[in-house]
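Thanks, everyone. Let me put the model on the screen, and then we'll walk through it.

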Amino acid sequence: MDTAAVYAQFAGSQARNGGSPTYEDWALGVAGDPEVCALLDTLPEPKRQPNLLFAAARLVGAPAGGWAGVRSWLAAAWPDVEREMRTRATQTNEPRRCATLVPTLAAVDGPVALVEVGASAGLCLYPDRYSYLYTTPDGVRTRLDPDDGPSEVLLPCDIAGPVPARLPSAVTGPVPARLPSAVTGPVPARLPEVVWRAGLDLNPLDVRNPDDLAWLEALVWPEHGDRVETLRAAARVVAADPPRLVRGDLLTGVADLVAAAPAEATVVVQSSAVLYYLTAAELAEFTGTMEHLRRTRGVVWLSNEGWTVLPDVAARLPAGADPQFILARDGVPVALTDPHGRSVRLL
Ligand SMILES: C[S@@+](CC[C@H](N)C(=O)[O-])C[C@H]1O[C@@H](n2cnc3c(N)ncnc32)[C@H](O)[C@@H]1O
């Protein structure tokens, strides 16, 4: 697809559905502007993507508002924007995804050693340090707090469906086609007990570094101010007790991190909005590694990915499901989730 088509598609799908009229306008502007497309075409293909251009432009100081103003600003600012695009990558870290993870993580027989592949700055490694406000379809609101009291990070999330049944930690042998479900209501009684945490990323970010934090903020879409507030609060929580973040490729690095986890804990490997970076062959390799770790170490793999990313997972969805993201446990769908963690529907 040529660059203009990529931006037109982004405008009509991601930006419009994701609630960003600004990015919809900017993307349509780029799509209809051969000069800007020609500038983008001087970059390697993975560096031409709309999220990277728009975040880099905002980091450098693009004016808020419509494309016309940004276009005139870009005429002079392109060298700076280009430099940022060449050196940075889209690494949006969305702590709200913890709200969609918690009901399933709380059902794992703990204590838990949490390993995240594609962790970015590690904000999703702290599901036990945030507070949650779950709202069921009938309007019942349930608040969950860490054991030591309310967190400054409060994650609101719509929730529906039953709580996943508590399963033994080492599920060996064939994975059941469908996990059994409990009937106690969707909100878990308490947060998971995370006794160890570590992340792996090609380029780990450090929330204590103002430059990394500024980049994480620029990656949040302009209309999503509430997400920036949450990001800043989560960054403070994480900065107070920074995670172990290892630079490396998830294909080669995950087994070492699992081996480093305490033997008495159930290791949960979490992959969230990361596997779409992989080719089909790499995906098959990673899935094979997770299956091996499940059989040999009792590792639980929780994947939270766009519904097209893991076709074998999508194929196991109940008929009529209309997912954006699918949360799966060891390849079995357990919930449908909002990509930014605003809602979870347990299956
Ligand atoms: C979109 S971010 C998601 C971050 C986090 N999981 C979340 O849900 O908020 C994807 C992250 O995966 C990392 N990544 C991409 N491919 C990777 C690979 N092969 N190995 C390790 N990390 C990778 C990127 O650097 C980026 O930080």
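One definition before we start. I count Ala, Val, Leu, Ile, Met, Phe, Trp, Tyr, Cys and Pro as nonpolar, Asp, Glu, Lys and Arg as charged, and the others, Gly among them, as polar. This is a predicted model, where local features need pLDDT of at least 70, side-chain atom pairs count only at pLDDT 80 or more, and totals for chains, interfaces and linings use all residues. Residues are numbered from 1 along each chain as its sequence is written.

Start with the ligand. How many residues surround the ligand? The answer is 21, with Gln91, Gly118, Ser120, Leu250 and Ser272 the closest. A residue counts here if its C-beta atom, placed from the backbone, lies within 6 Å of the molecule. By class, that shell has 10 nonpolar, 7 polar and 4 charged residues.

Stay with Ser120. Its phi is positive, about 55°, although Ser120 is not a glycine. Ser120 sits in the loop between β1 and β2 (131-135). Helices (H or I, at least four residues) and strands (E, at least two) are DSSP runs, numbered from the N terminus.

Another backbone feature is at Pro111. The peptide bond from Gly110 to Pro111 is cis, with omega near 0°. Pro111 lies in the loop between α6 (97-105) and β1 (112-117).

Now the domains. The assignment gives domain 1 (3-87) and domain 2 (97-346). Those bounds come from an automatic or database domain assignment. The C-alpha centres of the two domains are 30 Å apart. In the interface, 10 residues of domain 1 are in contact with 7 residues of domain 2. Contact means that the C-beta atoms, placed from the backbone, lie within 7 Å. On the domain 1 side, α2 (21-31) and α4 (50-60) are the elements that give two or more residues. That side has 5 nonpolar, 4 polar and 1 charged residues.

Next, helix packing. Two packed helices are described by the angle between their axes and the distance between the axes. Axes are lines fitted to C-alpha atoms, for helices over the stretch in contact, and angles run from 0 to 180 degrees between N-to-C directions. Under 35 degrees is roughly parallel, over 145 roughly antiparallel, 65 to 115 roughly perpendicular, and the rest oblique.

First pair: α1 (residues 3-17) and α2. Their axes come within 8 Å and cross at roughly 165°. So α1 is roughly antiparallel to α2. The crossing of α1 and α2 is left-handed. Left-handed means that the near helix is turned anticlockwise from the far one by less than a right angle; clockwise is right-handed. From α1, the residues include Tyr7, Phe10 and Arg16, and they meet α2 residues including Tyr23, Glu24 and Leu28. The α1 and α2 contact has 11 nonpolar, no polar and 2 charged residues.

Next pair: α4 and α5 (residues 67-87). Here the axes come within 9 Å and cross at roughly 100°. So α4 is roughly perpendicular to α5. Among the contact residues are Leu52, Leu53 and Leu59 of α4, and Leu74, Asp80 and Glu84 of α5. The α4 and α5 contact has 11 nonpolar, no polar and 2 charged residues.

Last pair: α9 (residues 250-260) and α10 (residues 280-297). They pack at about 15°, with axes 10 Å apart. So α9 and α10 are roughly parallel. Their crossing is right-handed. Contact residues include Leu250 and Val254 of α9, and Glu282, Phe286 and Arg297 of α10. By class, this contact has 7 nonpolar, 1 polar and 3 charged residues. Leu250 is also one of the closest residues to the ligand.

Key. Two residues are in contact if their C-beta atoms, placed from the backbone, lie within 7 Å.
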